[in-house]
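Dear colleague,

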Amino acid sequence: MEELRQLETEVARLTKRLDRERRARQEAEAISERVTRELYEHQKELELLQSIAVTANEAKTIESALQQALDRICAYTRWPVGHVYLPDPNSSNRLIPSCLWHLDHPERFETFRQITEQTTFEFGVGLPGRVLASKESVWVADVMRDTNFPRAKLAGEIGVRAGFAFPVLVGTEVAAVLEFFLPEVLDLNASLLAVMKYVGDQLSRVIERKRVKAALLKSKELAEAASQAKSEFLANMSHEIRTPMNGIIGMTELALGTELTEEQRDYLQTVKSSADALLSIINDILDFSKIEAGKLQLDLVDFNLRDTLDDALKAMALCAHVKELELAAHIPPNVPDALIGDPMRLRQIIVNIIGNAIKFTEHGEVVVRATVEEQTAETLLLHFSVTDTGIGIPVEKQRTIFESFTQADGSTTRKYGGTGLGLTITRQLVEMMQGTIWVESNVGEGSTFHFTIQLKKQANDKPHLPIPQAVDLQGLPVLVVDDNATNRRILEEVLKHWGMWPTCVESGPAALLALQEAKEQERSYPLVLLDYMMPEMDGLTLVGLMKDWTELAEATILMLSSAGAGLNAQCQENGIAASLTKPVRQAELLAAITKTLGLSRAKPLEQATPPLLSQTARPLQILLTEDNPVNRLLAVRLLEKQGHTVVTASDGQAAVDLMAGQEFDLVLMDVQMPVMDGFEATAAIRARESETGAHTPIIAMTAHAMKGYREQCLEAGMDDYVTKPIQLQELKSAIASFFPLCGQWH
């Protein structure tokens with residue numbers, strides 16, 4: 001009996017086990033069936049979206065794209081009726097019916113079709129009107145019971161019961177409303193509306209692109225039909241843009257000639273650098289003859305490579321700081337600095353690529369590097385790279401991103417914006433510099449844009465890095481604290497090149513540990529370079545902890561931060577010697593180190609702008625004719641700083657009247673002025689001089705910079721021509737051609 005009971009117990013146990021396994025198997029089969037069904041539905045959704053994207057893009061018109069979408073949605077949903085409502089061109093709050101339909105059984109839904117094609121909908125009225133008002137999908141389970149479905153009231157039987165509609169949005173504008181109907185009552189299907197939202201997004205991009213294409217075609221036709229009007233517009237825009245630019249650049253230069261703090265000088269230098277870059281671009285855009293001929297020439301001049309790269313990074317520093325990105329540049333000491341090329345175009349290339357990198361990078365860093373690829377005694381092939389930690393570019397898109405109006409994909413275009421022309425212009429500039437450009441990228445891991453350019457070396461090359469001469473930094477221990485590995489490597493290389501002994505750590509706790517080790521070995525760090533924005537422990541917190549170290553009582557701390565000037569007050573309160581804004585120029589860092597360590601006389605990082613004329617230059621009696629008060633004040637200040645006497649006139653007639661009663665050595669004459677322009681005033685002055693035999697030099701000083709304008713000024717009786725914004729060297733040369741002694745500006 002005992003054995004029988006044991007056997008029954010074992011059978012019961014096995015039976016329960018089999019039941020559990022059977023239930024588990026049934027549950028697994030149910031899950032598998034559900035997952036398979038979901039995968040099938042998802043595949044159908046993807047096929048729908050892909051087919052709509054392909055066919056709509058291939059369609060020649062917006063109407064045909066919408067028709068293709070109707071047909072494919074009805075095939076996907078198996079709903080027999082589809083129709084499109086469009087915005088009324090005469091009212092933004094009304095929709096009108098289109099002739100775009102999908103009808104599986106036209107005769108069955110003929111009444112509904114006729115009523116629909118006669119019905120317009122105001123804002124919030126009916127199914128389309130509700131979509132127009134909410135800009136979202138709307139579902140009607142039964143149109144016969146719906147209180148806001150006017151078409152149901154116009155006929156006793158319209159053949160449809162359930163319906164839904166969704167908008168196609170271009171920006172905030174409803175470009176179309178697609179509605180679909182079923183003969184049976186059907187409750188809300190939220191997943192179907194979710195799919196339709198993606199369809200609406202696909203169609204919105206197609207419509208937007210086709211609108212842009214149509215607008216470009218129309219603009220092209222208008223431009224071709226109105227070339228004369230375009231020339232006039234460009235000439236006027238040249239004047240209107242250059243006039244305020246003259247004030248910006250000129251007043252900035254005057255301010256730089258005054259006594260400033262290092263912070264103020266840095267701000268003004270950035271303003272001037274940005275304004276100069278903008279002016280250079282404007283010069284090319286407004287040169288009508290170059291635009292018409294499709295030509296662009298490089299301006300080959302002597303320039304400093306590191307200064308050019310520093311200017312480019314300074315221009316992009318704020319954009320990087322807003323996204324909390326590290327922006328850094330690394331040029332090894334063996335790369336020559338004094339080169340011949342077009343620095344403005346090189347800067348444009350670098351700014352374009354850095355801007356692109358910042359736009360597509362949400363966290364991490366953007367690092368610019370330059371190395372020597374090849375070189376001879378006279379030429380140099382430089383290899384630049386810009387590496388980011390952004391979203392990356394798919395392999396299949398990497399060869400097309402340098403084409404006009406091309407970006408990685410549609411969704412990226414919608415999120416990040418842009419014209420798609422930046423990299424195209426960059427490629428053309430690189431090729432003009434006898435170089436090549438390419439990209440290496442992995443999706444989700446970032447990108448590296450490479451380009452090479454050919455440059456010439458200057459005859460007398462300068463030192464490749466600022467090297468201390470009057471100060472002794474040899475063997476000076478320095479602690480570098482920065483969480484960014486790239487910044488640490490760059491600082492370590494630069495400091496070693498100056499003969500210092502850097503110890504680099506990646507965090508505040510690591511810095512405290514390094515300080516503890518130095519204390520145990522009876523060493524110290526006279527200088528600490530400290531990053532402000534670090535995880536876990538920021539720079540100011542670390543400074544607070546370091547105050548407890550008596551060994552650091554005499555240490556000089558320099559704070560390096562992308563936070564800008566807002567940190568200065570906190571640094572001063574915490575006894576920090578100086579705060580430098582990233583990316584830090586090497587010359588700026590060296591000057592800050594030597595100044596704060598007291599190893600050399602404290603000097604401003606940049607010397608004030610020198611006076612324009614030497615003290616021995618003969619002062620002139622100058623008549624300045626200028627209607628713009630800012631430009632007039634600027635010119636007066638520039639000339640009076642040299643000891644000249646300046647009399648002003650705000651229009652041509654006033655200048656003619658002054659010339660009748662007073663003698664002047666020189667006339668600076670604006671051209672476009674009220675009452676009497678510069679041409680008329682010059683003609684009147686020359687007519688009077690023809691009777692007396694006198695001749696006063698007249699220099700045109702104008703914002704017009706179009707081709708042939710100089711010749712027009714000379715033909716009008718003027719003696720020379722300078723463009724606005726006034727370039728000091730150009731004005732100096734113009735005056736020196738009439739008064740050589742006054743050309744000795746320094």
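**Helix packing**

The axes of helix α10 (residues 305–322) and helix α11 (residues 343–359) come within 9 Å and cross at roughly 30°. Such axes are lines fitted to C-alpha atoms, for helices over the stretch in contact, with angles running from 0 to 180 degrees between N-to-C directions. The crossing of α10 past α11 is right-handed, a term for the near helix being turned clockwise from the far one by less than a right angle. Residues of α10 including L305, L309, L313 and M316 meet residues of α11, among them L346, I350, I354 and I358; contact means heavy atoms within 4.5 Å.

**Basis of the model**

Please note that this is a predicted model, in which local features need pLDDT of at least 70 and side-chain atom pairs count only at pLDDT 80 or more, while totals for chains, interfaces and linings use all residues. Residues are numbered from 1 along each chain as its sequence is written, and side-chain values use heavy atoms, with hydrogens and water left out.

**The chain as a whole**

The protein chain has 23 helices and 23 strands, taken as DSSP runs (H or I of at least four residues for helices, E of at least two for strands) and numbered from the N terminus. Of its 746 residues, 46% are buried; buried means under 20% relative accessible area, exposed over 50%, and partly exposed in between (1.4 Å probe, protein chains only). Among contacts with a separation of 6 or more, 68% are between residues 24 or more positions apart.

**Salt bridges**

The count comes to 22 salt bridges, each being a side-chain nitrogen of Lys or Arg within 4 Å of a carboxyl oxygen of Asp or Glu. In one of them, D142 pairs with R161, with the closest N and O atoms 2.7 Å apart. D142 lies in the loop between β4 (138–140) and α5 (150–154) and R161 in the loop between α5 and β5 (162–170), so the pair ties together parts that are 19 residues apart in sequence. D142 is buried at 8% relative accessibility, whereas R161 is partly exposed at 28%.

A further salt bridge joins the side chains of K582 and D531 (2.9 Å, N to O). This pair links distant parts of the chain, with K582 in the loop between β18 and α18 and D531 in strand β16, 51 residues apart. K582 is buried at 9% relative accessible area, and D531 is buried at 2%. Salt bridges that share partners join E326, D482, D531 and K582 into one network.

K582 is also joined to P583 by a cis peptide bond, with omega about -10°.

**Around E365**

E365 lies in strand β10 (residues 365–375) and is buried, with a relative accessible area of 17%. Leaving aside residues up to four places away in sequence, E365 touches E326, T387, D388, T389, N484 and T486. Its C-alpha atom is 8.8 Å from that of E324, a residue 41 positions away along the chain.

**Two loop residues with positive phi**

Q434, in the loop between α13 (422–432) and β12 (437–442), has phi near 60°, a positive value in a residue other than glycine. Q434 is exposed at 61% relative accessible area. E522 likewise has a positive phi, near 55°, and sits in the loop between α15 (508–520) and β16 (527–531). The relative accessible area of E522 is 76%, and therefore E522 counts as exposed.

Yours sincerely
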